[in-house]
Amino acid sequence: MSIVADTLLEALNWRYATKAFDPDRKIPADTWEALQQSLVLTPSSYGLQPWKVIQVESPELRSQLLPNSYNQKQVVDASHLIVFAARTALSESDVDRLIELTSSTRNVPADKLAGYRNMMVGDLVQGPRSAIINYWAANQAYIALGNFLTAAALLGIDTCALEGIIPSAYDELLNLKGTGYQTVVAAVAGYRSAADPYAGLAKVRYPAAELIETR
């Protein structure tokens, strides 16, 4: 499978951080299912996927999240609101769960994956990175966010990443405290409002020559 380069670049130039959504337009179920699968298929270090996505559908809950999002109206107006929550710690049982899934999915005996298991345990559970695993997991969640934004653009769905939120308040409202997950970032998806003045602005980016270095 391949996508024409022009199609990709057209989609990426079309997308922008949508500030005003049309509250009456909803993403079709099949399109949203594809976007959900784009999250599932997101790459992650070791394949551990140390995050989960909370889809907030309740209008009441979205209204409660609004003041904890600095009153960014996208939270209540967009078709969909999702919250990326990352793991706060990892244990050997988390690693073993992935090993079991890999074994069953690829029909490989678990003992053949012992080296892979020990590598993950030595790095993330017992190694120096275990002390900062929440930051590591948050970085993995951002990979999922980026993948989601690109997939949405290819499907003609408007999005906006929301870092302007109060994570601790989100944790409380989403009942994340004590679950081993914490809020990292949110995103909204839907269709831009015809009244959004940002839609027609030229995209501001530094040239590739300044951002990409060849050695």
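Helix 7 (residues 133–154) lies across strand 1, strand 2, strand 3 and strand 4, and runs at about 150 degrees to strand 2. Axes here are lines fitted to C-alpha atoms, for helices over the stretch in contact (heavy atoms within 4.5 Å), with angles from 0 to 180 degrees between N-to-C directions. Helices (H or I, at least four residues) and strands (E, at least two) are DSSP runs numbered from the N terminus. The model is predicted: local features need pLDDT of at least 70, side-chain atom pairs count only at pLDDT 80 or more, and totals for chains, interfaces and linings use all residues. Residues are numbered from 1 along each chain as its sequence is written, and side-chain values use heavy atoms, leaving out hydrogens and water.

The 4 strands form an open sheet in the order 1-2-4-3 with antiparallel pairing, where two strands pair if DSSP finds at least two bridges between them. Strand 1 (51–56) and strand 3 stand at the edges with a single partner strand each, so one side of each has no neighbour in the sheet. On average, neighbouring strands are turned by 25 degrees against each other, direction ignored.

Strand 4 (residues 181–190) is joined to strand 2 (residues 80–87) by 8 bridges, and Val83 has Ala186 as its bridge partner. Strand 3 (residues 158–162) pairs with strand 4 over 5 bridges, again antiparallel; here Ala161 is partnered by Ala187 and Leu162 by Ala186.

Elsewhere, helix 5 (residues 92–106) contains Ser103. Ser103 counts as buried because its relative accessible area is 16%.

Key. Buried < 20%, exposed > 50% of the residue type's maximum accessible area, 1.4 Å probe, protein only.
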